[in-house]
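I opened the model and kept notes as I went. The entries follow the order of my look-ups.

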Amino acid sequence: HRPEGDGDRRSLPLVLLFHGGGGNPWSCMRVTGFNRKADEAGFIAVYPAGTGPRRRQGLTWNAGRCCGPAQHEGVDDVGFIRTLVRHLKETLPVDPERIYAAGISNGGMMCYRLACEMSGIFAAVGPVAGALNLERCRPARPVSVIAFHGTADLYVRYDGGRPRKRVLPGHDREDVSVADSIGFWINHNGCRPEPAKETSGAVTRETYAGGRENSEVVLYTIRGGGHAWPGGAKGYQEGDEPTGEISATDLMWDFFSRHRRVYEDEPR
């Protein structure tokens, strides 16, 4: 989705949006509302499709210990996204310093994996209800992170461990906790360990600033929140109700717009 009226602008930010396990690009558009934000703020929004038996159903990402066909078959989703970004940079007016990734659930896990393995490309990532489910994460550079997670999420639990509910049948895994997922990036980026903390209603924001290359980590915890995109649409009819107290889409873009990837050498 290119922003309305972008005309001949030569350099636009790029946001890749990753659907959850069992979802598809069209559901991701609907849930996040990122096309509206792209028109409002002036960036390109791209919705890749994961792997599955059908084009619009049961699609997943290989995000380490999750999920579904992509993980079981060892699909090289990092290679796919690397190729996709290269293609987009060759065919669209993409600003290479302003490339970002966001996603929910299995898509949020994929964002963490891209930050681990493509830290030279992505300036910041925005996982919602995700976990850093990799055995090894060795990013070459700092990556700023803005994350959202509900304390009552039964699909990807706040404190980690096995899901109490599953969208995809027959998949047994243990997720890393929010504290450990976020803690990795606080340490890797060299952020201050004590956050600036603010609570409003059921939402607490923790900001870990002062990281290398102006990186920072921000965590939004939604007390009693479920497996949903804050301020967005429900993922499916029986899905959890999103909080209306905040908009993950608006907050993500505000965060992304503050962070650029300044190149020291050829990006990888």
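Which residue takes a positive phi just after helix 6? I checked, and G190 does, at about 75°.

Ground rules. This is a predicted model, in which local features need pLDDT of at least 70, side-chain atom pairs count only at pLDDT 80 or more, and totals for chains, interfaces and linings use all residues. Residues are numbered from 1 along each chain as its sequence is written, and side-chain values use heavy atoms, with hydrogens and water left out. Helices (H or I, at least four residues) and strands (E, at least two) are DSSP runs, numbered from the N terminus.

Helix 6. I found 12 residues, 178–189, reaching 17 Å from first C-alpha to last. That is close to the expected 16 Å, the expected span being 1.5 Å times one less than the number of residues. I then listed its buried residues: V178, S181, I182, G183, W185, I186, H188 and N189. Buried means under 20% relative accessible area, exposed over 50%, partly exposed in between (1.4 Å probe, protein chains only). These buried residues pack against helix 5 (106–117), strand 5 (144–150), strand 7 and strand 8.

W185 came next. Its contacts (heavy atoms within 4.5 Å) include Y112, C116, L132, P139 and V217. I182 and W185 are among the residues that touch the most other members of the largest nonpolar core, which has 40 residues. Such a core is a set of buried Ala, Val, Leu, Ile, Met, Phe, Trp, Tyr and Cys residues joined through side-chain atoms within 4.5 Å. Helix 5 supplies the largest share of this core, six residues. I also noted a second, separate core of 29 residues, including L17 and F255.

Strand 7. I asked why strand 7 is largely enclosed by the rest of the structure. Strand 6 (196–200) pairs with strand 7 in the antiparallel sense over five bridges; pairing needs at least two DSSP bridges. The two form a hairpin with two residues between them, and G201 in the turn has a positive phi of about 60°. On the other pairing, six bridges join strand 7 to strand 8 (217–222), again antiparallel. I traced T204: T199 is a bridge partner, and T221 is its partner in strand 8.

T151. I placed T151 in the loop between strand 5 and helix 6. At 39% relative accessibility, T151 is partly exposed. Its C-alpha lies 6.2 Å from that of I222, 71 residues apart along the chain. A polar atom of the T151 side chain lies 2.7 Å from the backbone nitrogen of G224.

How values were computed:
Polar contact = N/O pair within 3.5 Å; in protein donor to acceptor, adjacent residues only side chain to side chain. Lists of a residue's contacts leave out its neighbours within four places in sequence.
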